[in-house]
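Please keep the sequence and the coordinates in view while reading.

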Amino acid sequence: MNNFGVLYCYELKKIWKRKIVYATLAICFIATAILFIGEFIGSYPIDNEKSDTKYHMFLTDRKLERRIEEIEQYRYRDIIEFKTFAAAEEEQGVVNPKLPTSHEQGTEKWYTLNTGDTWKGRDRFVWLHKDIAVPAEWKGKKVVGVFDFGNTGGGNNSGFESMAYVNGKMYQGVDVNHKELFFDDALCGTDVGLTFRLWSGLEGGGIPREQEHRIARADLAWLDEKVDDFYYMASMVRQTLDELGDSDPIRHELRGALNRACSRIDWTYPGSAAFYESVHQADDELNSSIDSMDKNSMVHVYCVGHTHIDVAWL
């Protein structure tokens, strides 16, 4: 057996000393590299027409993805940030508690909770209150509050929930899935009493433990509906591209439509009037391109939706 091993190693050394072996390996390596690179950067036909390279399409997709992510923050305009809230423990322990009538900070009951602060507890209820002024010049616009007060578990069976009250009346549930609070246009130019009843939540099973949350965001703004439409339409198109095959002509059309629309956006001064005007043009471009596409698919999709009851009673 030992002699066989020695003989085997000897034969391998003889093989490796031959130049033809190295030449063959080099040819195989080069051929493999050419096939791989050609597949990545080479063009391929769609409907018997020359299409773009995979490499260029890869770069285009990454560019579009980053642009769409950047657009999201510009949906809200003229943002007013709320830095502090009056806070107090809610100890009534009933389903529909009476709202507090006094919110004087510094008293025995009330204290200040700042945006950025954390709060925690297990099955704990906390009142938050803020008197806000809704600008009169926002009349005719879609006025929205954006509130991020806590976390909800992945299965939506643990963690934070809250109820918002506007001028003392129950208004809407606010949680990780419902951060936007849209206000009636009639409130523009008035002072509004905004109250939240926060619930820390439970652990959703397992060992009892405190739930820790953060007052991460509390803003008042107005929603630019065309920027909002462009963000969600562009996001939908971008996600659709990931589901279609490389040789699907629809994928090629959608990518081109999205790229043309994004090319209209003037990023010289983000947030300026010229920037927003260019995003509005991009929205018109994208919707027009999609509406003009031929609908030749033999597949008909029927969508049936439902609303979560927790939006009303959370």
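Ala221 is in contact (heavy atoms within 4.5 Å) with Tyr76, Arg77, Asp78, Ile79, Trp138, Lys142, Val143 and Val144, when neighbours within four places in sequence are left aside. The residue belongs to strand β14, residues 217–223; helices (H or I, at least four residues) and strands (E, at least two) are DSSP runs, numbered from the N terminus. With a relative accessible area of 2%, Ala221 is buried, where buried means under 20% relative accessible area, exposed over 50% and partly exposed in between, with a 1.4 Å probe and protein chains only. Between Ala221 and Pro135 the C-alpha to C-alpha distance is 9.6 Å, although 86 residues separate them in sequence.

The model is predicted: local features need pLDDT of at least 70, side-chain atom pairs count only at pLDDT 80 or more, and totals for chains, interfaces and linings use all residues. Residues are numbered from 1 along each chain as its sequence is written, and side-chain values use heavy atoms, with hydrogens and water left out.

At the level of the whole protein chain, there are seven helices and 14 strands. Of the 314 residues, 36% are buried. The chain exposes about 19,600 Å², of which carbon and sulfur atoms supply 55%; such areas come from the Shrake-Rupley method with a 1.4 Å probe, and for residues only the protein chains shown count as cover. Among contacts between residues at least 6 apart in sequence, 76% join residues at least 24 apart.

Helix packing comes next. Two packed helices are described by the angle between their axes and the distance between the axes. The axes here are lines fitted to C-alpha atoms, for helices over the stretch in contact, and angles run from 0 to 180 degrees between N-to-C directions. Helix α5 (residues 249–263) and helix α6 (residues 273–292) have axes that come within 8 Å and cross at roughly 165 degrees. That angle makes α5 roughly antiparallel to α6; angles under 35 degrees count as roughly parallel, over 145 as roughly antiparallel, 65 to 115 as roughly perpendicular and the rest as oblique. From α5, Ala257, Leu258, Arg260 and Ala261 meet Ala282, Glu285, Leu286 and Ser289 of α6. By class, this contact has five nonpolar, one polar and two charged residues. Ala, Val, Leu, Ile, Met, Phe, Trp, Tyr, Cys and Pro count as nonpolar, Asp, Glu, Lys and Arg as charged, and the others, Gly among them, as polar.

Helix α6 also packs with helix α4 (residues 225–243): their axes come within 9 Å and cross at roughly 45 degrees. The two helices are therefore oblique to each other. Their contact residues divide into 10 nonpolar, two polar and four charged. His280 lies in α6 and, at 18% relative accessibility, counts as buried. Beyond residues up to four places away in sequence, His280 touches Asp224, Lys226 and Val227.

Two loops complete the picture. Most residues other than glycine have a negative phi, and most peptide bonds are trans. Asp123, in the loop between β6 (118–121) and β7 (125–133), has a positive phi near 55 degrees and is partly exposed at 42% relative accessibility. Asn167, in the loop between β9 (161–166) and β10 (169–174), has a positive phi near 50 degrees and is partly exposed, with a relative accessible area of 43%.
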